[in-house]
Amino acid sequence: MNVFLSKKTILPAMTGLLLLTGGCVGSFDPQTDATSPLAPRIQELVDAKREYPRWADFPATPTDVPPPVQVAANVNALSADSGALATQVAGIDWTLGSDPSAFVESINRRFDPARMAPIGAQTPDEVEAFAEALRRRAAAPAPIDRPRP
């Protein structure tokens, strides 16, 4: 056994540690500075909470808790319902299937590929015409003549 973990070394070390820290616990007695303008309010709050918490402040033991037999019956009912649900899910005829490429192909048949083509499929003349239309829309309007005072 390691020398540092033996009972002969741990017991004196723990005793020394308790003696060192034990003296600090009893010497801590916080005092409010009497010259502070908040001293009366602080002392009032300390005195009001000196006996807190009391057992009367804790919530009472609940009385409407079901007995353990009823909890066990509820758990068994949930387990049975879970098994019935798993059986129903297993009986569903899933239309997705297990072949992802066939699924993608069925989706592609539903859509017009020309409408889903990327913008790069347009001709350069079409792109330039689109850009020119955007430039015309982005032009600032003519200034408004305002009467001078």
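Modeller: Helices here are DSSP runs of H or I with at least four residues, strands are runs of E with at least two, and both are numbered from the N terminus. This is a predicted model, in which local features need pLDDT of at least 70 and side-chain atom pairs count only at pLDDT 80 or more, while totals for chains, interfaces and linings use all residues. Residues are numbered from 1 along each chain as its sequence is written, and side-chain values use heavy atoms, with hydrogens and water left out.

Colleague: How many helices and strands does the chain come to?

Modeller: The secondary structure amounts to 5 helices and 0 strands. Along the sequence the pattern reads α-α-α-α-α.

Colleague: What is the mean pLDDT of the chain, and which helix has the lowest?

Modeller: Where pLDDT is low, the predicted coordinates should not be read in detail. The score is the predictor's confidence in each residue, from 0 to 100. For this chain the mean is 81, and 82% of the residues reach 70 or more. Helix α1 (residues 7-26) has the lowest mean among the elements, 69, whereas α3 has the highest, 95.

Colleague: What share of the residues is buried?

Modeller: Buried means under 20% relative accessible area, exposed means over 50%, and partly exposed lies in between (1.4 Å probe, protein chains only). Of the 149 residues in the chain, 2% are buried. The chain exposes about 14,600 Å², with 64% of that area supplied by carbon and sulfur atoms. Areas come from the Shrake-Rupley method.

Colleague: How many salt bridges are there, and which side chains meet in helix α2?

Modeller: Side chains of opposite charge can pair when their charged atoms come close. The rule asks for a side-chain nitrogen of Lys or Arg within 4 Å of a carboxyl oxygen of Asp or Glu, and the count is 4. One of them joins R41 and E44, at 3.1 Å from N to O. These two residues are 3 apart in helix α2 (residues 39-48), so about one helical turn separates R41 from E44. R41 is partly exposed at 45% relative accessible area, and E44 is partly exposed at 48%.

Colleague: Which residues form the aromatic pair?

Modeller: A pair of aromatic rings is described by the distance of the centres and the angle of the planes. Rings of Phe, Tyr and Trp (its six-membered ring) pair with centres within 6.5 Å; planes under 30 degrees apart are stacked, over 60 edge-to-face, and the rest tilted. The structure holds 1 such pair. W55 and F58 form it, tilted, with 5.2 Å centre to centre and 40° between the planes. W55 is exposed at 75% relative accessibility, whereas F58 is partly exposed at 43%.

Colleague: Which residues form the nonpolar patch on the surface?

Modeller: Patch members have over 30% relative accessible area and no salt bridge; like charges are joined within 9 Å, nonpolar side chains (Val, Leu, Ile, Met, Phe, Trp, Tyr) within 5 Å. Here L85, V89, I92 and W94 form a nonpolar patch, with about 420 Å² of accessible area together. I92 lies in the loop between α3 (68-90) and α4 (100-110). At 39% relative accessibility, I92 is partly exposed.

Note on methods
Areas by Shrake-Rupley, 256 points an atom, 1.4 Å probe, with all protein chains shown as cover.
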